[in-house]
Amino acid sequence: MTTSRRAVIASAAAAGLTAATVGRASASEPGGAHGGEPPRAETFGRLADGTEIQRWTLSAGGVRLGVLNFGGIVQSLEVPDRDGELANVSLGFGELGPYLGDSPYMGALIGRYGNRIAAGRFTLDGTEHQVPVNDGPNSLHGGTTGYDKRVWDVTPHGRSGLTLHYTSPDGEMGYPGELDVTVAYTLTDEGAFRIEYTATTDAPTVLNLTNHTYFNLAGEGSGGIYDHKLSLNAGRFTPVDETLIPTGELASVGGTPFDFRRGKTIGEDIRESHQQILYGQGFDHNFVLDKGGTARPERIAQVYERGSGRLMTVSTTEPGVQFYSGNFLDGTLVGTSGRAYRQGDGLCLETQHFPDSPNQPDFPSTTLRPGETYRSTTVYAFGTR
């Protein structure tokens, strides 16, 4: 999913950020990705107020991950192909500046509420709350200055992990309750990228955390993802109106372009005249996972890119996943490869609860109350064939 250029620039301005005085860090510096090495940090740039933004590097199982303390952003994710050659398979930038301005949530942690809330309004325990509208008539990804625009406290754990922490004050972006959020990024010994979210609140609130990494298994900047083969364990999806808010229906994918149960290339049906495809200008929809919400991550999706042989398997505890086919990438952003990102150059699989759940009583609840602990885990595992 994305938002307009004006909305993203406005969010950066609201955070008091500018692109001035930024640093540069390479996604391909030497390092033992295959053997693993302790987490290390380097300066990636500075905010207008002088705050240092760091780029942390993790490596394990032949995979190397670059993470910023700004927005918890996955700045790079290098994965070997069938010949063992590394390529960065996540879209992103080589400098801080673009993340502060016209960045459609590239690689970022999303909160307090991932995805859309209709008109930016919801009622909780009889009290109506208004959050910023930043995507047409609706609120998207937590508002104008969501968690993607916040500086997180980062500490290493183990030889291949990072713990990110942020305290969101009561009333931030209109959301009730002080929220204490911890996110653990870990590369396993097998090179899988594991994300574990936990959170507690001191007052009832709504919460839907996710990660917005754009993937291209052929390598970022290599072109489109329409030839990637996707399979999704989802027999239903949530149709949307013209503003991309769910209608409340849980519709069967059978006989529609949304049927990925047996696997097909993303481009096979993306030009169909189905009304939902027209609304999203491609795929930008929540899929209702067959497994529902689970205590432990279960496999829900697989993506395969034939040229490189790279295979990505996604497992999650969440009941839904937003599949976004990069429809609004328009060639105005230049990535780490020095190439422009155009429509369909990356895909997102954002594991989540459903969009607009606070206004949809039949959807799984996103309410978090004092004394409860929010827990969610998603794993992106890589292989070849």
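This is a predicted model: local features need pLDDT of at least 70, side-chain atom pairs count only at pLDDT 80 or more; totals for chains, interfaces and linings use all residues.

Me: How many helices and strands does the chain have?

Reply: Helices (H or I, at least four residues) and strands (E, at least two) are DSSP runs, numbered from the N terminus. The chain has three helices and 29 strands.

Me: What radius of gyration does the chain have, beside that of a compact globule?

Reply: The radius of gyration is taken over C-alpha atoms, and the globule rule is 2.2 Å times the number of residues to the power 0.38. For 385 residues a compact globule would have a value near 21 Å, and the chain agrees with this because its own value is 19 Å. Along the principal axes, the C-alpha atoms fill a box of roughly 55 × 50 × 40 Å. Buried means under 20% relative accessible area, exposed over 50%, and partly exposed in between (1.4 Å probe, protein chains only). Of the 385 residues, 58% count as buried. A contact means heavy atoms within 4.5 Å. Among contacts between residues at least 6 apart in sequence, 67% join residues at least 24 apart.

Me: In what order do the nine strands of the open sheet stand?

Reply: Two strands pair if DSSP finds at least two bridges between them. The order is S11-S12-S13-S14-S29-S23-S22-S17-S20, with antiparallel pairing. S11 (153–157) and S20 (264–265) are the edge strands; each has a single partner strand, so one side of each is left without a neighbour in the sheet.

Me: Which residues are bridge partners in this sheet?

Reply: S11 and S12 (residues 161–168) pair over five antiparallel bridges, and aspartate 153 has histidine 165 in S12 as its bridge partner. Between S12 and S13 (residues 179–187) there are eight bridges, again antiparallel, with serine 168 opposite leucine 179.

Me: Which strands stand at the edges of the five-stranded open sheet?

Reply: The order there is S19-S18-S21-S24-S27, and the pairing is antiparallel. S19 (251–252) and S27 (348–352) stand at the edges, each with a single partner strand, so one side of each lacks a neighbour in the sheet. Within it, S21 (residues 284–288) and S24 (residues 320–324) share five bridges, and phenylalanine 287 stands opposite valine 321.

Me: Where do glycines with a positive phi occur in the hairpins of S4?

Reply: S4 (residues 74–80) has seven of its seven residues buried. Four antiparallel bridges join S3 (residues 63–68) to S4; their hairpin has five residues between the strands, and glycine 71 takes a positive phi near 70 degrees. Three antiparallel bridges join S4 to S5 (residues 86–88); five residues again lie between the strands, and glycine 84 has a positive phi near 85 degrees.

Me: What lines the second largest pocket?

Reply: Rolling a probe the size of a water molecule over the atoms shows where empty space is left. On a 1 Å grid over the protein atoms alone, a pocket is an open set of points where a 1.4 Å probe fits, with protein on both sides within 12 Å along at least five of seven lines; lining residues have an atom within 4 Å of a point. The second largest pocket is lined by 13 residues, of which Glu318, His353, Ser365, Tyr374 and Arg375 lie nearest its centre. S28 (367–368) and S29 (374–384) each supply at least two lining residues.

Terms used. Residues are numbered from 1 along each chain as its sequence is written. Side-chain values use heavy atoms; hydrogens and water are left out.
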